[in-house]
Amino acid sequence: MDSVDLEKVMDEYGEHLLKMACFYLRDRETAKDIVQEVFISFYGTANYEELGKIRAYLTKLTVNRCKDYLRSWSFRHLQFGKDWIETIHNERDPLILQEEKAEIAIAVLKLPIKYREIILFYYYEEYNMREVAQFLNLSENTVKTRMIKARKLLKNALSSDYWEVLSIE
Amino acid sequence: MNEVKRSLDRIVGDVTTDKEELKQRVLSGKRKSKRKNPFPLVATVIVMTAVLFFTFNVFQGEYLKKDGSEYEVNEELYDLLLKSEQHEIEDPDELRTVVMQRLVESDSLIEYAKSLGYLADEQAMKEELAKEQQTFFEGFNEEELNSVEQTQLENFGYTYEQYFQTIHKHTIQFTAAVEWLDHNPPAEHTTQREVLDAFLETHADVITEFMEKKQIPPADPSSVYVEFEGLVAAIENRRVLVVQGVEKDQIEGMSAEEIQDAAYDSAWFEFDETIEQLALYRQINVTFDPLSYPVSQAEQEKVFEDVSGWE
């Protein structure tokens with residue numbers, strides 16, 4: 001792969017990967033660092049054309065690196081910046097947030113990671129349960145159980161109007 | 001597009017600028033990630049686990065001396081850990097007690113491993129420390145370094161140099177001892193609680209003196225036992241799996257491993273004959289000693305053996 005190919009891949013998938021990393025890490029700067037690592041790692045992949053679904057492959061790399069980071073000492077102890085969710089809460093106009101229906105996203109992003117990722121892949125990536133299970137290397141039963149728990153947590157966190165929207169989707 | 005997706009897209013906003021910056025970073029040859037802290041190990045193991053060891057050898061006093069002359073509390077480490085944990089525990093008395101307890105726990109482990117024949121490879125640990133410190137700092141330019149150091153000082157009140165040379169050094173020593181014990185498990189069945197009690201007894205004079213000097217309140221004896229409330233999810237011989245965050249209909253038909261994966265939290269307990277009164281899927285509140293697991297389980301799933309009661 002040459003730099004032209006790499007640029008094409010970054011153009012095609014960069015925004016998606018940045019968003020996914022943001023949803024996992026809740027920190028834009030760290031998300032950029034993680035996705036940078038992913039692209040650098042991908043650059044060294046000789047047979048990238050044979051990888052098939054590049055989007056899924058890159059998403060998997062990103063998710064795995066995000067999880068590694070969330071498990072790391074640095075995430076738990078080095079406080080480089082303010083949590084993105086906290087920033088949204090503190091610095092943005094509540095009326096605008098309401099208009100944007102941000103309540104749903106904030107509730108999702110506040111979920112513990114094992115429930116959040118199920119919601120992300122089911123609703124955001126629009127995978128079905130089996131695809132979520134395959135992607136995350138979990139059993140389908142586990143995914144279903146986590147989905148039930150996630151929805152229960154969201155129901156508690158959301159006002160009834162928002163929950164109704166979510167519950168019928 | 002569903003409402004969840006729409007909401008998430010709105011909250012994350014436009015990432016075009018981020019993408020362009022990212023492209024520049026990658027394509028301009030700045031391939032070294034700016035991520036500052038890629039520690040591969042569980043570096044805070046001394047403040048997150050209660051791993052306590054003791055064995056026959058220690059009771060025999062072959063390694064430790066009853067007069068405690070071999071043991072000295074690392075005051076610098078204690079002071080830094082106080083700062084490190086200040087955001088986690090607000091009450092200053094509780095903070096001092098907890099930090100002291102964790103410090104003694106990790107010391108007891110290292111000393112115990114040595115009592116079984118563990119010889120610390122000082123050179124290897126020194127090299128590991130230097131490597132991790134280098135990895136940490138190499139992504140920074142001078143301006144970033146100053147900024148990060150300033151943030152660290154504001155948040156914790158000590159420098160990265162102090163962190164590496166004192167806290168992380170001790171963490172590496174502790175981790176090395178844990179790994180050695182993992183490969184050289186003790187023959188005698190001993191629980192973590194026994195380890196702690198014996199260690200405190202052996203070094204009572206030194207520890208008491210340090211606690212008086214630092215005005216560290218002793219741990220409340222009633223805090224030895226804690227409670228865990230949940231659903232009885234599995235019964236295997238005399239062992240009971242209690243889980244939180246799932247209902248009966250969500251876990252029926254699952255293996256114990258799957259149940260634990262799905263549950264919000266879980267724990268195994270060793271019961272006495274009262275286990276016969278237990279039924280699957282009932283709610284239970286277990287009172288137990290959180291250090292009552294065998295030392296051989298330090299690195300794996302724990303079974304708590306000292307259950308003082310349940311209802």
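Predicted model: local features only at pLDDT ≥ 70, side-chain atom pairs only at ≥ 80, totals over all residues.

Me: Is the crossing in which H6(B) passes H9(B) left-handed or right-handed?

Reply: H6(B) passes H9(B) in a left-handed crossing. Residues are numbered from 1 along each chain as its sequence is written, and chains are lettered from A and ligands numbered from 1 in the order in which they are written.

Me: At what angle do H6(B) and H9(B) pack, and what does that make H6(B) relative to H9(B)?

Reply: H6 (residues 92–115) and H9 (residues 160–183) of chain B pack at about 50 degrees, with their axes 9 Å apart. That makes H6(B) oblique to H9(B), because under 35 degrees counts as roughly parallel, over 145 as roughly antiparallel, 65 to 115 as roughly perpendicular and the rest as oblique. Axes here are lines fitted to C-alpha atoms, for helices over the stretch in contact, and angles run from 0 to 180 degrees between N-to-C directions.

Me: Which residues of H6(B) and H9(B) meet, and how do they divide by class?

Reply: Ser106(B), Leu109(B), Ile110(B) and Ala113(B) in H6(B) meet Gln173(B), Phe174(B), Ala177(B), Val178(B), Trp180(B) and Leu181(B) in H9(B). They divide into eight nonpolar, two polar and no charged. A contact means that two C-beta atoms, placed from the backbone, lie within 7 Å. As for the classes, Ala, Val, Leu, Ile, Met, Phe, Trp, Tyr, Cys and Pro count as nonpolar, Asp, Glu, Lys and Arg as charged, and the others, Gly among them, as polar.

Me: At what angle does H6(B) pack with H10(B), and what is that called?

Reply: H6(B) and H10 (residues 192–202) of chain B pack at about 90 degrees, their axes 10 Å apart. H6(B) is therefore roughly perpendicular to H10(B). Val104(B), Glu105(B), Ser108(B) and Tyr112(B) in H6(B) meet Val195(B), Leu196(B), Phe199(B) and Leu200(B) in H10(B). By class, this contact has six nonpolar, one polar and one charged residues.

Me: What order do the strands of the open sheet in chain B take?

Reply: The six strands run S5-S3-S2-S1-S4-S6 with mixed pairing. S5 (303–304) and S6 (307–310) of chain B stand at the edges with a single partner strand each, so one side of each has no neighbour in the sheet. Strands pair if DSSP finds at least two bridges between them.

Me: How do you know that S2(B) pairs with S3(B), and over how many bridges?

Reply: S2 (residues 239–244) and S3 (residues 265–270) of chain B share six antiparallel bridges. Within this pair, Val243(B) stands opposite Ser266(B). On the other pairing of S2(B), S1 (residues 226–236) of chain B joins S2(B) in the antiparallel sense over five bridges, with Glu236(B) opposite Arg239(B). S1(B) and S2(B) form a hairpin with two residues between them, and Asn237(B) in the turn has a positive phi of about 55 degrees.

Me: Why is Asn137(A) called exposed?

Reply: Asn137(A) is exposed because 8 other C-beta atoms lie within 10 Å, and a residue is exposed at 12 or fewer, buried at 20 or more and partly exposed in between, with C-beta atoms placed from the backbone. Asn137(A) sits in the loop between H9 (129–136) and H10 (140–157) of chain A.

Me: How many helices and strands does each chain have?

Reply: Chain A has 11 helices and zero strands, while chain B has 13 helices and six strands. Helices (H or I, at least four residues) and strands (E, at least two) are DSSP runs, numbered from the N terminus. Buried residues make up 37% of the 169 in chain A and 33% of the 311 in chain B.

Terms used:
Left-handed = near helix turned anticlockwise from the far one by under 90°.
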